[in-house]
Amino acid sequence: MFDKMIHPFAVAVAWVWAQIHDLLVLVGMADGPGVAWVISIILLTIIVRLLILPLFLRQIRSSRAMQAIQPELQRIQAKYKGKKDQASQMKQSEEMQALYKKHKVSPMASCLPLLVQMPVLFAMYRAIYAVKDLAAGTYSYGGIETDHLGPINQATAADINESTVMGVPLSHTITSGDGPMGVAVFVVLIIAMVALQFYSMRLSMTKNMPPAADPNNPMVQSQKTMLYVMPAMFIFSGAFFQMGVIVYMLTGSVWALAQSLWTIKVIPTPGSPAHTELVEKRQAAYHEWAKPFFADYDAKRAQLPTDSSDPQVVALNEATLAEVQRQAKAQKVASDFPESMTAGDKVSVYRNLSAQEWTTLPDEQWMQGVREATEKAEARRAQQAKREQAQKQSRQRRIAQGQAKDGASGAQLDHEGLSPEELERRRQERRKARRQSKKKRR
């Protein structure tokens, strides 16, 4: 069953592998047995990693978003803590899913790169595993003998089988009888692969993860366990891998380390030491130009009218915004403000960034917070306007009712050309006088 699932992937890998080899021959490398088949495995690994790069970036964005919504997620979990009935569990799940949807977060995104890589790894293993049998003419699939795997036929398989890495054929394993030197080559490459993986994982844990408040937390303990268990697993499984698979995995380990270094430098996890360092670095660079720039802006603004809608003020804000956004783009400061914000509002946000200590990077995640704050402020203003309108209508109704009660007297005053407000004032005075008269009679 497993072979049937992997076979289509193995055929696909064989095609890509052969095409890369043919391209290397086309650019001048020797055909037949040789280094071209080894380099084609390295290039195949790089192609696979490039193809899943969008998934990796999605994983990073999802991880950052998950970090940002942790307080809300914890509130939901606390709300249903101790409630084990099915209705409560379903309600908790619904609220969590709504939260994920609102912030466009997928908890499964972190698994996607690994899920994509595993079939390719197994397919590479099956393709190289088939090479030896294909070269010997004994390869079979599904109980039926066949003379090819995709484009790899008996002659091609023989070329691959004779291609070596430091004297070890690509289809051999550590137990294939290549002597002490062959075993040493396997051991060195496996150690290098495991060391790179360990360093990459440790680097991510120490530099790109927020410090654990509780070192005894099960998740923290699990991460520490994986740090040592995963390399140990590869040491064990490496003894069963062919040299071609070792080359594939070693290349993948180099790529993973480079990817970790890039992530730590460019898009670290919020709250991690690497993120703190990047925030401080980016803040210093922004403040260096922004503080004198906005000092000059403040001096110009002080000479203009206080009314923000004055044409001179509007012109100054628009010119300032154009220059700030040009500089902000170079500083990687997000600029996708809500359309409802004026140029003056946007300048104020940039100005505040120049005067305050940053707690996070002013990226899209930060901009999402700005947009949400703007939407809430607009909603509050709309509600306030609605309340004021309701109060005004209520006041007008009271005036109209008072006018009706005043009868002829009100009509007479109205003929005199008094305003509704004056009518209301006189009506209140008459009512007060009537109440006082009643008190005296008692």
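**Close-ups of a predicted model**

View 1. You'll find M166 in the loop between β5 (164-165) and β6 (168-169). Take a look at the backbone here too: phi of M166 is positive, about 50 degrees, even though M166 is not a glycine. For background, most residues other than glycine have a negative phi.

**View 2. K332, another residue with a positive phi.** Here phi is near 60 degrees, and K332 isn't a glycine either. K332 sits in the loop between α12 and α13. Is K332 buried or exposed? With a relative accessibility of 55%, K332 counts as exposed.

**View 3. The helices α12 and α13, on either side of the loop that holds K332.** Helix α12 covers residues 311-330, while α13 runs over 343-355. Their axes come within 9 Å and cross at roughly 45 degrees. That angle makes α12 oblique to α13. As for the hand of the crossing, α12 passes α13 in a left-handed way.

**View 4. D363, a buried residue in a loop.** Move on to the loop between α13 and α14 (364-415), and there is D363. Its relative accessible area is 15%, so D363 falls under the 20% cut-off and counts as buried. What does the side chain of D363 have close by? One of its polar atoms lies 3.1 Å from the backbone nitrogen of W366.

**View 5. Helices α2 and α10, crossing at roughly 45 degrees.** Helix α2 takes in residues 35-51 and helix α10 residues 243-266, and their axes come within 9 Å. The two are therefore oblique to each other. This crossing is right-handed.

**View 6. Helix α5, with a buried face.** This helix has 17 residues, 86-102. How far apart are its end C-alpha atoms? They are 24 Å apart, which agrees with the 24 Å that α5 should span at 1.5 Å a residue. Now for the side chains: S88, Q92, E95, M96, L99 and Y100 are buried. Seen down the axis of α5, these buried residues fall within an arc of 140 degrees, so they line one face of the helix. On the other side of α5, Q86, A87 and K101 are exposed.

Methods: Residues are numbered from 1 along each chain as its sequence is written. This is a predicted model: local features need pLDDT of at least 70, side-chain atom pairs count only at pLDDT 80 or more; totals for chains, interfaces and linings use all residues. Side-chain values use heavy atoms; hydrogens and water are left out. Helices (H or I, at least four residues) and strands (E, at least two) are DSSP runs, numbered from the N terminus. The expected span of a helix is 1.5 Å times one less than its number of residues. Buried means under 20% relative accessible area, exposed over 50%, partly exposed in between (1.4 Å probe, protein chains only). The arc is that of the directions from the helix axis to the C-beta atoms. A polar contact is a pair of N or O atoms within 3.5 Å; within protein, one must be able to donate a hydrogen and the other to accept it, and residues adjacent in sequence count only if both atoms are side-chain atoms. Axes are lines fitted to C-alpha atoms, for helices over the stretch in contact, and angles run from 0 to 180 degrees between N-to-C directions. Angles under 35 degrees count as roughly parallel, over 145 as roughly antiparallel, 65 to 115 as roughly perpendicular and the rest as oblique. A crossing is left-handed if the near helix is turned anticlockwise from the far one by less than a right angle, and right-handed if clockwise.
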